[in-house]
Amino acid sequence: MTKPFSVQRIDHIVFRVSDLSRSIDFYRTVLGCDVVRQREHLGLVHLRAGASMIDLVSVDGKLGSRGGAAPAITARNVDHLCLRIEPFNEPDLIAHLSKYGLAPLGSAEVNFGAEGDGLSLYFPDPDGNVIELKGPSVTAATSEP
């Protein structure tokens, strides 16, 4: 069965963290990642990791609080996996997902990733882990500050 897209690479991974400052320091100091964007209203920091991104969300921030308790043996730490795909055609993606009994968690929206702002569509895997399919970057005119 053919798919309406091909996976290019992992765009970014999002970790829920209990101490955002400590985690930023760790990824900067230990791994040499640079902060490229901070979105305080979401409790979110984007760090460059080569061609990809590592995003950190504070467990008490808008995004991180959706995951429940702070990371521990019984609480999830990874928010979602983002796969960079081409092409990004929302109707084709929705049709493809529906063949497997899956539905997106909402409409496609512009989100920031390793290449900049681009359309994304989210859906759950069988265990409830969230997968983001992210298309190529779009013009800065449609980007979120």
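Visitor: What makes β5 and β8 a pair?
Guide: Five bridges join them, and they run parallel. Strands pair if DSSP finds at least two bridges between them, so five qualify β5 and β8. A strand is a DSSP run of E, at least two residues, numbered from the N terminus. Within β8, V130 stands opposite H80.

Visitor: How do you know where these values come from?
Guide: The model is predicted: local features need pLDDT of at least 70, side-chain atom pairs count only at pLDDT 80 or more, and totals for chains, interfaces and linings use all residues. Residues are numbered from 1 along each chain as its sequence is written, and side-chain values use heavy atoms, leaving out hydrogens and water.

Visitor: Why do β2 and β6 stand at the edges?
Guide: The open, mixed sheet has the order β2-β3-β4-β1-β5-β8-β7-β6. β2 and β6 each have a single partner strand, so one side of each lacks a neighbour in the sheet.

Visitor: Which residues line the largest pocket?
Guide: Lining residues have an atom within 4 Å of a point. There are 24, with L63, R66, H80, E109 and Y122 nearest the centre. β6 gives the largest share, three residues.

Note on methods: 1 Å grid on protein atoms, 1.4 Å probe; cavity = no way out; pocket = protein on both sides within 12 Å on 5 of 7 lines; lining within 4 Å. Helix = DSSP H or I, 4+ residues; strand = E, 2+ residues; numbered from the N terminus.
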